Amino acid sequence: MNVTLWIVQILLGAAFVLAGVMKSTQPKEKLQPNLPWVEDLSPGTVRFIGVAELLGGLGLILPAASGILPAPSSAPPAPSDP
């Protein structure tokens, strides 16, 4: 089960990274045939969305790839039975 979750996390992260790179590097006119909603937004907003997707994808991939895990919860540990 754990391996399945890692695979899904990597695939979702890669999808976010690819979509973010596309939206942050392509001109608005080139995106309009595939993404009709971009004509309603300014180019800066489309770039912002692309950068946010790129950072979100990196946030899904990098912690696992670098070995840096999220901080544990701030709840105190449960007392152990003697």
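**View 1. Helices H1 and H3 pack against each other.** Helix H1 (residues 2-25) and helix H3 (residues 43-66) meet at an angle of about 155°, and their axes lie 7 Å apart. H1 is therefore roughly antiparallel to H3, a label given to angles over 145 degrees. Axes here are lines fitted to C-alpha atoms, for helices over the stretch in contact; angles run from 0 to 180 degrees between N-to-C directions. H1 and H3 cross with a left-handed sense, that is, the near helix is turned anticlockwise from the far one by less than a right angle. By class, the contact of H1 with H3 holds 16 nonpolar, seven polar and three charged residues. Nonpolar covers Ala, Val, Leu, Ile, Met, Phe, Trp, Tyr, Cys and Pro; charged covers Asp, Glu, Lys and Arg; the others, Gly among them, count as polar.

**View 2. The whole chain, for orientation.** The model is predicted: local features need pLDDT of at least 70, side-chain atom pairs count only at pLDDT 80 or more, and totals for chains, interfaces and linings use all residues. Residues are numbered from 1 along each chain as its sequence is written, and side-chain values use heavy atoms, with hydrogens and water left out. The chain has three helices and zero strands, in the order α-α-α from the N terminus. Helices (H or I, at least four residues) and strands (E, at least two) are DSSP runs, numbered from the N terminus. Of the 82 residues, 16% are buried. Buried means under 20% relative accessible area, exposed over 50%, and partly exposed in between (1.4 Å probe, protein chains only). Among contacts with a separation of 6 or more, 56% join residues 24 or more positions apart. Contact means heavy atoms within 4.5 Å.

View 3. Gln26 sits in the loop between H1 and helix H2 (28-31). Gln26 counts as partly exposed because its relative accessibility is 25%. Leaving out residues up to four places away in sequence, Gln26 touches Val21, Leu31 and Arg47. Gly50 is 24 residues from Gln26 along the chain, and their C-alpha atoms are separated by 9.8 Å.

**View 4. Ala65 on helix H3.** Ala65 belongs to helix H3. Its relative accessible area is 61%, so Ala65 is exposed. Ala65 and Ile10 are 55 residues apart in sequence, with 9.6 Å from C-alpha to C-alpha.

Conventions: Angles under 35 degrees count as roughly parallel, over 145 as roughly antiparallel, 65 to 115 as roughly perpendicular and the rest as oblique.
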